[in-house]
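Subject: Structure for you to look over

Hello,

Here is the structure I said I would pass on. My notes on it follow below.

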Amino acid sequence: MIAINLKQPLLQSVFPTVIDCPHCGNLTPHKMVGENTAAVVVPGSTDVVEGQWGQRFMLKCQTCQQVSFYEKRWTATAPNPTELYLLYPLASVAPPEVPPKVAARFKEAMEVQNKSPSLCAVGLGKTLEAIMRDQNVPKKMKLALSIDHLVQEEKIPDLFGKMMHGLRELRNLGGHDDEEDDVKAEDIPVVIDFCRAIFEYLYAAPSRLESLKKRMEQEKEKEESH
Ligand SMILES: [Zn+2]
C-alpha cells in the first residue's frame with residue numbers, strides 16, 4: 001500500500017481538500033463523493049483485524065474530474081492518523097520502500113503521464129538513472145552498460161535487465177524531436193508496469209520479507225518461552 005503524507009488531517013479539513021491529483025498531477029481541490037468507515041478485514045476474507053478501523057474516501061479532482069480512492073486507518077495505539085493511503089490509481093506513486101530520490105523522479109514522470117508520453121518516458125529514464133545511483137553503479141557509466149553491470153553483479157535477474165533496456169530505449173525515443181518515431185501513449189502503461197516490477201524486486205519485496213522474517217522469529221521466541 002502507498003502512503004501519502006497529508007499536510008493536514010483529512011477529517012478535520014473542510015472539503016474540497018487540496019491535494020496532489022494522482023491522475024493529472026495538479027495540486028488542486030478535491031471533492032468528497034463517497035465515504036465509508038468499517039473495521040479492517042484480513043485481505044481476501046471477512047475476518048476482522050482486532051482494534052483497526054479504516055475509512056475509505058472517494059475523492060473527485062476538480063481539475064480533471066477523475067476519481068481516486070483513499071484509505072485512512074486507525075489503530076488502538078494510533079488513534080489520530082494523518083496518513084492517507086492511495087488505493088486507486090496505484091500506478092502514480094512509488095511504494096514507500098523506494099528511496100526518496102528514486103521516488104521523486106518517478107513522481108515527476110507520473111505528473112506528465114497524461115500530458116506528454118515522450119516527457120513521461122524521459123522521466124522514467126531519469127528514474128532508472130536514480131536507481132543506478134542508489135545501487136552504487138559507477139557514476140560515469142552509460143545507462144546501457146549500467147544495466148548490464150547490475151545483471152552481471154546478480155543484483156537483478158536477466159529478465160529485469162531486459163525490462164530496463166526496454167525502458168531505456170523508449171527514453172531515447174522520447175528524448176529526440178522525431179515526429180515519426182515518437183513515444184506513443186499506449187507505450188506508457190507498459191513501461192510504468194516495468195518500473196513498478198523493478199521497485200517491487202529491488203526494494204519492496206526484500207523489505208517485506210525482512211519484516212515477515214522478524215515476525216516469524218518473534219513467534220518462535222514466544223513458543224520457546226512457553
Ligand atoms: Zn486531476
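Two strands count as paired here if DSSP finds at least two bridges between them. The model is a predicted one, and in it strand E3 (residues 27–41) and strand E4 (residues 48–61) run antiparallel, joined by ten bridges. Met 32, for instance, has Leu 59 in E4 as its bridge partner. Six residues lie between the two strands of this hairpin, and Gly 44 takes a positive phi near 80° there.

H5 has 39 residues and spans 56 Å from its first C-alpha to its last, close to the 57 Å expected at 1.5 Å a residue. H5 also has a kink of about 45°, centred on Glu 200. Its buried residues include Ile 188, Val 191, Cys 195, Ile 198, Phe 199 and Leu 202. An α-helix has 3.6 residues a turn, so residues three or four places apart point the same way. H1, H2 and H4 are among what covers the buried residues of H5.

Which residues is Phe 199 in contact with, leaving aside its neighbours within four places in sequence? They are Ala 94, Pro 95, Val 98 and Ala 204.

Regards

Methods: Residues numbered from 1 in each chain as written. Predicted model: local features only at pLDDT ≥ 70, side-chain atom pairs only at ≥ 80, totals over all residues. Contact = placed C-beta atoms within 7 Å. Helix = DSSP H or I, 4+ residues; strand = E, 2+ residues; numbered from the N terminus. Expected span 1.5 Å × (residues − 1). Bend = angle between axes of the 7 residues up to and from the residue. Buried ≥ 20, exposed ≤ 12 C-beta atoms within 10 Å, placed from the backbone.
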